[in-house]
Amino acid sequence: MGRDPRYDILFEPVQIGPVTAPNRFFQVPHCTGMGWQYPRTLAAMRKVKAQGGWGVVCTEYNSIHPSSDDLPHPYASLWDDSDIRAHTLMTDAVHEYGSLAGAELWYGGANANNLFSRLPGMDVDSFPNAKGHPYQTRAMDKQDIRDLRRWHRKAALRAREAGFDVVYVYATHGYLISNFLNPRVNTRGDEYGGSLENRVRLTRELIEDTKDAVGDRCAVAVRFSADEEIGEDGQPIFGERREMFERLADLPDLWDINIADYSLEMGVSRFVKEGALEPYMQWVKSVTDKPVVTVGRFTSPDTMVSQIRRGITDFIGAARPSIADPYLPKKIEQGRLSAIRECIGCNVCYASDTIGVPLRCTQNPTMGEEWRKDWHPEIIKKRTSDARVLIVGAGAAGLEAARALGIRGYDVMLAEASREIGGRIVREAALPGMSEYIRVKDYREQQLLEMPNVDVFRESRLTVDDVISVEADHVAIATGASWRKEYYDDECYQPIASGEALTRVFTPDDIMDGNLPNGPTLVFDGDGYYMASVIAERIRAAGQAVTLATPSDSVSDWAGKTSERWRIRTQLHRLGINILPSSGLTKFSGDAATLYCVYSGRETKLPVQNVVMVTARKPNDDLYQTLSLRAADGALPFGFTRIGDCEAPGIIAAAIYSGHRYAQELECDLDLDVPLVHDRIDVGSELRN
Ligand code: ADP
Ligand code: SF4
């Protein structure tokens, strides 16, 4: 199968200053949770993107000096020659496949924490740290500006020496350079503040410095925001941005355009859909002759072509779509559109960086594992025997295990109790705003259809005797988990109701089954991610008065890591859902819930007729436990294990990973004591005596 000519335009080379991108697929700078701490992990991950056809592959933010340090969020660095060697691992790997490598230079200002370097950060003024750490920046004087320019230049030279083809001036996202541009923030009285011309001065100087330093061999790109803010009507406010842009329009070789609101630019699919930046891009290409790249969580090649033909952008910029499917360009080129693993917009990838651990992805379980486990998103080692594998349960874990085992060439039987495969994916995707999650099932279902060695048995709820009678060589139990009605009080599970009142205690499973409460309802969130908020939204949509209470100080606390917490809370307010943070729950009597303040212990009674407990889940592991008992009585003629939520309930990404790991490791010699290669500085073999 070849490429559909409709998509030819995506594969045209594009000149960027002194270099030429082989096509229009541009992996824009994105965080990885790896940075300078895991150079081999990082290089192997970027290499797969180049292999998969991304014409430009960029780094994450590269600190130009230790006074811009973002730990615990892992960033890359270009501080000294050791960084050059680390980056060369990546540029060599990217060049091997004919792609360009880009480096984003970064100075954080009040947005950098400096908790590692302990140096005072510098910004336009003395500002409080933007991430809430109790430190302020030093207001930059003229010498500081000269120092900054020198550091930026030196970092650019190191980037060139490391083999990069594109070097970025990073003038957005609230970092230092964007603060110089911002009239509300930059109130300096010198030639770097006040008038628009003065505020643009530093950006202009940095572009000119970078061109002067490396422009003979490297393209100079500028990351810039097209708008100042979003108005109350949801429309962009451009303010002076266009005029600013006009002054700089033809200075760099490439414009990388995004917007001021990060939670929209990389919004979760629950609130933001594909191509959301288009209204912001309307004037950009008319003001510059230089190529432009922008993002939009593009996964549809038709949308990509339309963006280019209509003159919105020259490159298809992507962070998340390139994480979910590093082979997206190759698949379009080969006409394998149904094989594209579309990003679902869950931002679990972003959470990795927020937490400070290497990147992971719901859709792509190999992401971040390319080096330490030698996993590849498209290639898996072939089977080593003719063994037959039975997988019980076709939810996230079971589907992924079947898919990956299918690629390995095993004969796989996938048994599912329901008529529909997909397990929790299908159920959760039917909740408000969650529809894109169905892609996790759709991709795998489509892949299985093309595998003659995988048989799917629907409406097949297996018992232990059924499992034994199948006579498989290996059995994976992937039967999921069910939400509990009890409350986990940090030590044990506690019941909150008894008798008739217990019949009006619901779980998310009840709501997903269509068993909705009638009358005022308390949704109690002891889970802290998205589930309680979507359940509250669902019940509210059915016309009930809803209160959402949580022991946490904030609603959907963990969703702060995926950048959706703010939007969740706004949505709950908009829907008229009453919110009670810092509230524990002890009892539900049938007509009132007893809540207490987690700080003072003071009890209050909330008159409600129903409670939905969104707290914890119980593994559905009866089958596994019974098999274990049978095995203890006498050896079973097959090996068995449990995977996914049946093993340990978690987010969908964890279940997909679990299923994939099972498939990758089946019948492989694995050192269980050291199951991965540890990427870190090796201090050698000499021990202190
Ligand atoms: P996970 O996230 O671990 O994949 P899910 O809840 O998504 O878990 O999927 C579990 C699947 O297992 C569900 O589709 C459920 O219908 C199925 N299942 C549960 N028990 C059995 C059983 N005994 N036989 C076959 N399928 C089962
Ligand atoms: Fe997309 Fe989610 Fe994967 Fe991030 S983790 S790339 S948002 S599917």
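**Ligand 2 and the cavities**

The largest cavity of this predicted model is the space that ligand 2 takes up. Local features require pLDDT of at least 70 and side-chain atom pairs pLDDT 80 or more, while totals for chains, interfaces and linings use all residues. Residues are numbered from 1 along each chain as its sequence is written.

Colleague: What makes a space a cavity here?

Modeller: On a 1 Å grid over the protein atoms alone, a cavity is a set of points where a 1.4 Å probe fits but cannot get out. By this rule there are 4 cavities of 30 Å³ or more. The largest has a volume of about 90 Å³, a volume being the space filled by probe spheres set on points joined across faces, edges and corners.

Colleague: Which element gives the most to the lining of the largest cavity?

Modeller: That is α10, with 3 residues; helices are DSSP runs (H or I, at least four residues) numbered from the N terminus. The lining includes Arg-320, Ile-323 and Ala-324.

Colleague: How does the shell around ligand 2 divide by class?

Modeller: The shell has 8 nonpolar, 3 polar and 1 charged residues. Ala, Val, Leu, Ile, Met, Phe, Trp, Tyr, Cys and Pro count as nonpolar, Asp, Glu, Lys and Arg as charged, and the others as polar.

Colleague: Why is the second largest cavity placed between domain 1 and domain 2?

Modeller: Domain 1 (5-355) and domain 2 (388-480 + 622-665) both give residues to its lining, so the second largest cavity lies between them. Among its lining residues are Ile-344, Val-348, Tyr-437 and Ile-651.

Terms used: Chains lettered and ligands numbered in written order. Heavy atoms only, no water. 1 Å grid on protein atoms, 1.4 Å probe; cavity = no way out; pocket = protein on both sides within 12 Å on 5 of 7 lines; lining within 4 Å. Sits in = over half its atoms within 2 Å of the grid points. Helix = DSSP H or I, 4+ residues; strand = E, 2+ residues; numbered from the N terminus. Domains from an automatic or database assignment.
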